[in-house]
Each structure stands twice: as C-alpha cells, then as structure tokens.
Amino acid sequence: MKVLVVGSGGREHALAWRLGQSPKVSEIFIAPGNGGTRLEGINVPIKDDDLPGLVNFAKENKIDLVVAGPELPLVLGIKEALSKEGIPCFGPGAYAANLEGSKAFSKMVMRDAGVPTAPFKVFDEFDQAKAFVENKGAPIVVKADGLAAGKGVVVASTVEEAIEALDDMMVKREFGTAGERVVVEEALKGEEASFLAFCAGEDYALLPSAQDHKAVGEGDTGPNTGGMGAYSPAPILPREKYEETAELVIKPILKLLADRGEPFTGILYAGLMYTDDGPSVLEYNVRFGDPECQPLLMRLDTDIVEIMLACVENRLPEVEVKLKDETAICVVMAAGGYPASYGKGKEICGIEEAEKLEGVKVFQAGTKYTDGKTLTNGGRVLGVTALGADLGAAQKRAYEAVEKLSFEDAYFRRDIGDKGLKK
Ligand code: ATP
C-alpha cells in the first residue's frame, strides 16, 4: 500500500521511518518532509496546510492511507476533505481536532466530561479579562484560544505580566485571530508528563508515558520551545498507573465525543501536570507530540500500519499494541539562538557515524538536503534518539551519539533524562 505522511518535523521523520518498516507498505511520500524524510520515502513539495494540494496528490497517486503529523491540517479538516474522495486519514475530524485547535473548546469539553483540569474562565473582552485577573491575583495562566505554535501560553507570576499577555493577545493581536478569545486559568504546580493513546471511537490502546522538556535551558530554565528532548517511560507515571489514568483522562473524552456523534480517531495526547492532588490535564493534543513521538516509536514493537488501519477501520481491539521494555530517549540538537532568531544553512556532519552506535537513530527535523550535503534549515535540527536497558543506559548512548554530530552553533541540553534518573 501507499502512504502519505503530512508534515516536516522530527515527528514526521520518525513516522515515515516506522511506516516504512511495515511489510504492507510499498511506497511512502512525505509532504513536504525534510532532509531526513527523503531517506525514508519521497518528499513532495506540498505544505501541510494546503488541503486541496494534499487531497489532489493523494487522489492522483492512489494513496491508501494519509497520516497527519501536525495539528494544523487536522484542525483545517483534512480528514473530511480526504473522506470525500474515499481516502482514509489517520487523525480526527475537525470537530474533535478542536480539542487542540481551541483551548476554550478543550476546557469546556474537559469540564463536561468531568476530567480534572485547572479552574478557568473564557473571555472575549479585554476589560473583563483584566478585571478577572486583577481580582484573582498571580500566579495565573493566560492562554490564547487558537493555535499559536506553542507560544500562546503565558504562566504569569505577577498581575502586570498577566495583563501584558492579555494586551498582547486581545488588543495588539500578536497571534491574530488566535488571541481574540482567551482562557484564563489557575496556575498549577507540579511535574509534567505526556500520556498518549491510539484511539478509535471509544476504544483505545495506550502508549507508555513520556516526558518532554519544553524549556530551552538546563534545569528547565529560559523560554519555552517546541521541546528540547523527551524520554519514555516517565517515572512519574509508571505502568501500574496507566489504566486508572486512562479512565480519568482518555476514556471520558472519547465517550463524550462519541456521544456527540463526533467519534475520535487517531492519537489523543493528554498533557498532564502532577499536582499534590493527582494528575490534572493542561492540554489535549490530537496527534503525536514532537519530540515524544521519536522515543515512543523507537519502543513500538507492533507494525504501526496495522494499528493505524485498525483505528481508521474501527476495529482497534483486534490489534495488540506491543512495546519494547527498554527506555528510549531523544536529545534535540537545535540551532544556536533558538527559540529566538537563529542561522540556517550550516552543514551537519556525523549522522552516519552516530547511527553506527547500537540502538541509535538520528531523526531529522529542521534540515534540508542540497548538493549532496545535509544542512540546517530550522530551529530544532536533529532528534538524537537511543534505546537502552534503562534510562541511564539510553541517556549515555544518546549523548555518545550527540558527541559524534556537529554543525556550527549547535545547542543542546545536557540534562535530558536527569529528572527521571533522580526518581
Ligand atoms: P504546546 O503547543 O507546546 O504543546 P500549548 O501552546 O498547546 O503548548 P499548553 O500545553 O496548554 O500550551 O501549555 C504550555 C505549557 O504551559 C505547559 O506545558 C505548562 O508548562 C504550562 N502551563 C499550561 N497551563 C498551566 C497551568 N494551568 N499551570 C501551570 N503551568 C501551565
């Protein structure tokens, strides 16, 4: 069968790599892909938000399955657009994708489904939001309703900071229409973990827990990024807690969406905060996380195509989703300066040498391949991913691999995995 992966990050490289290992797959296309995905299939220059372009390509090339990597095409309705042509898409429809596309919608669904989440209020008027913040005091969290590439959340430690965030979003419109509406919520304290499941209607198959590292600096300091590294499992959410956690944060959402006639197909990702009162949902994503996808797919021990087909054909319980017992870790190598401005076009060396290490795979994100060279082409450049018998072994291997890789101004955190090792 022929598969089209939509997206261009490290997550999509990992998806294309895993899909390509299936005996069922004869051809893989990645739109638009990156310098690494070309090693797994054929890159096609169609952007992830160009729905007519993607649908046309899928139709003309008789694609059997489309896998949407990022949220944007899902929120824009790629599933419905493909469905009109009879092409299955792994991922939810636009209504369910709003769990990620609209934070106000997501919080209301959480409330209606009885999922633990921080108390919140939704505002369309700046003056009302400001008055609420002044009344509540700080710390307090301000979130732009719509998609803002991970930049639309401000955890304000003072009232002034919160009002500035409201002003940026609602008055200055820094995120365009995404900030016209905001969610203001209570600030929670605790450690974060990601919990993902393959879903088909009310059926789900759990993936092991993972932990991302959002802050750019070691010790979780500095501004937030798309993610500087991840590992799985996350000791804060051990295996014996998976089922009860799913009952709390996955099952009620799937049931509510199914009851509304909008059953969810794809990956449901719960971003959790472990407070003193237990887990609380910070956000839902409707796709794999990047970089959590990379270590999770290193551990996956069942043909991913079988799982995805079972999801789109609504027969998920027929498939056993198996995972390797090992730990996997991904260290992101970024361009110096990221998440602010950074340079591009630097030659990347050492990928083949790094991959010679046992259990190591280098997933490419912001890269492009030109004239026989792999060059940097984005903020997060590589996701150096390693499997190991335990977190310590996986971490050691990943950093050995990082040492073999180089490009000008490369930056990476040296403490990915340390939090888990301390537990
Ligand atoms: P991303 O796209 O990077 O996943 P996002 O823009 O969708 O992020 P959230 O995940 O909702 O936004 O929030 C980003 C980060 O802000 C969280 O990972 C968490 O660290 C912090 N955060 C969000 N809500 C709260 C809260 N109520 N209390 C404390 N911190 C919070």
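How far is a polar side-chain atom of Glu283 from an oxygen atom of the ligand? In this predicted model, 2.8 Å. Local features here need pLDDT of at least 70, side-chain atom pairs count only at pLDDT 80 or more, and totals for chains, interfaces and linings use all residues. Residues are numbered from 1 along each chain as its sequence is written, and side-chain values use heavy atoms, with hydrogens and water left out.

View A. A polar contact here is a pair of N or O atoms within 3.5 Å.

**View B. The shell around the ligand.** There are 15 residues around the ligand (a heavy atom within 4 Å), and Glu185, Glu186, Leu188, Glu192 and Glu283 come nearest. The shell splits into seven nonpolar, one polar and seven charged residues (Asp, Glu, Lys and Arg count as charged; Gly counts as polar; Ala, Val, Leu, Ile, Met, Phe, Trp, Tyr, Cys and Pro are nonpolar). Strands S7 (140-144), S8 (153-156), S9 (182-186) and S17 (278-285) each give two or more residues (strands are DSSP runs of E, at least two residues).

**View C. The domains.** The domain assignment, automatic or from a database, gives domain 1 (2-96) and domain 2 (119-186) in the protein chain. Their centres, taken over C-alpha atoms, are 34 Å apart.

Conventions. A polar contact is a pair of N or O atoms within 3.5 Å; within protein, one must be able to donate a hydrogen and the other to accept it, and residues adjacent in sequence count only if both atoms are side-chain atoms. Helices (H or I, at least four residues) and strands (E, at least two) are DSSP runs, numbered from the N terminus.
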